[in-house]
Amino acid sequence: MKKGGLQESNSDICVYIHIPFCKSKCLYCDFVSYVNFPHIEEYFEAVLKELEMYSHLLNSRGVKTVYFGGGTPNFVPERYIEKILKKLEKLSGVYEPVEITLEMNPDSVTIRKVLHYLEMGINRISLGVQAFDDIVLEMVKRPHGTGEIDRALSILMTYFENVNIDFILGLPMETDKTIERDMKLLETYTPSHVSLYLLDVDEETPLRRLIDKGVLKLPSEEEIARRHTRFLKFLEKKGYLRYEISNFAREGKECIHNLSYWKNEEYLGIGVSSGGHIGRLRYVNVGDISEYMKMVNKGIVPYGYKRVNGDDEEFVETIFMSLRLREGVYKEEIIKKFGDKRYRALQEFAERFREHFNVHSDRISLSEMGFDLSRYVFKELLETFSKKGWWKFAPYTS
């Protein structure tokens, strides 16, 4: 074991960089992000210093993927992104990433920025559309309208082969027409990847407060379920494979970086509130940007939470994340890492919830019903394995 629970490994590593700056704050957002933050330069200096803290680890590895999330990464000047990539190249033993993703909002997409990103080696864009409906976008305070979405996609689809579009179902003022417009957008631009999320109002957000006060109203569960089913059928018809609960891709265009999360592989999380998984070390950085910069500038690794997993925790994290994938959990891999007893326990659980699972000879995966009712399945899974003493804390997910 290395300092802080880091382990030696020859495998390539994925790197997530959190850029927490936005033009404005959307009503539904519960991510760590800041508007009008006065010390952006200092934040990026801290990010570079945090990367230096992992220099020994990076020097012994190749970088497999890099993912810039936020916040709104394309809101900040490109030079900050470029400095991070150059630092990674300098620190890494082998710097040949197969995928570098940058999240973008439509209002900040320009040809100049896109060309600069291409020069840096960025080869995948994730565009936060959320809904192709001006009324819905205005209602949740998105900083763009449908015209800017059209303009942004015209640019991105010209220069990038690998573009993802994010949608959220269940937003206030959403109608069947909203879904029709979303699907028409996909027919027009045919991106390689689509993410389709259901609105989550469990966390404390401005939207949640407005709903609780009766100021805003969400579509009914029945409406959301019907629209979700309609969207799923559309995506399947258009050749998108549902390879993960909320993610759909054309063949060969799955997000390699996010697959590392779902397979519970190793990745570094850099920046305020970022989480990582290295060896058996699971950590999440502090969520306050001032505290983050203060700790890094003092030479302190900015953990807000960390633990070194035992076999039990690692096993439950692995099945919890891997079951999100269509391929599910492979018998041989689980037995090799965690033993036959744990795989048989998972098999017994899957048999008990037979409608929600497909039990194959070599693996266990969620059925279509299991995909659609995944929240229920995972809740039952966590309760079951908690009783077995194989669950101590909730895994970090991105």
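I began with E314, which touches N264, H277, G279, R280, N309 and F338, leaving aside residues up to four places away in sequence. Contact here means heavy atoms within 4.5 Å. E314 sits in helix α12 (residues 311–322). Helices (H or I, at least four residues) and strands (E, at least two) are DSSP runs, numbered from the N terminus. Is E314 buried or exposed? E314 counts as buried because its relative accessibility is 5%. Buried means under 20% relative accessible area, exposed over 50%, and partly exposed in between, with a 1.4 Å probe and protein chains only. I also looked up L281, which is 33 residues from E314 along the chain; their C-alpha atoms are separated by 9.7 Å.

A note on what I am reading: this is a predicted model, in which local features need pLDDT of at least 70, side-chain atom pairs count only at pLDDT 80 or more, and totals for chains, interfaces and linings use all residues. Residues are numbered from 1 along each chain as its sequence is written, and side-chain values use heavy atoms, with hydrogens and water left out.

**Helix pairs**

I looked up helix α1 (residues 40–53) and helix α11 (residues 289–297), whose axes come within 9 Å and cross at roughly 50 degrees. Axes are lines fitted to C-alpha atoms, for helices over the stretch in contact, and angles run from 0 to 180 degrees between N-to-C directions. α1 and α11 are therefore oblique to each other. Angles under 35 degrees count as roughly parallel, over 145 as roughly antiparallel, 65 to 115 as roughly perpendicular, and the rest as oblique. On the α1 side the contact is made by E42, Y43, A46, V47, K49, E50 and M53, and on the α11 side by I289, Y292, M293, V296 and N297.

Next I took helix α13 (residues 331–338) and helix α14 (residues 340–352), which pack at about 135 degrees with their axes 7 Å apart. That makes α13 oblique to α14. From α13, K331, I334, I335 and F338 meet D340, R342 and Y343 of α14.

**A sheet**

I found an open sheet of 3 strands in the order β15-β17-β16, with antiparallel pairing. Two strands pair if DSSP finds at least two bridges between them. β15 (329–330) and β16 (357–359) stand at the edges with a single partner strand each, so one side of each has no neighbour in the sheet. β15 is joined to β17 (residues 363–366) by 2 bridges, and Y330 stands opposite R363 in β17.

**Cysteines**

How many disulfides are there? I count 0 disulfides, taking a disulfide as a pair of cysteine sulfur atoms within 2.5 Å. For C26, the closest cysteine sulfur is that of C29 at 6.5 Å, too far for a bond. For C29, the closest is that of C22 at 6.3 Å, also too far. C26 is buried at 8% relative accessibility, and C29 is buried at 16%.

**Backbone angles**

Most residues other than glycine have a negative phi, and most peptide bonds are trans. I noted N36, not a glycine, with a positive phi of about 60 degrees. N36 lies in the loop between β3 (34–35) and α1 and is exposed at 72% relative accessibility. T190, not a glycine either, has a positive phi of about 40 degrees. T190 lies in the loop between α7 (176–189) and β8 (193–198) and is partly exposed at 42%. Last, G70 and G71 are joined by a cis peptide bond with omega about 15 degrees; G71 is in the loop between β4 (62–70) and α3 (78–91).
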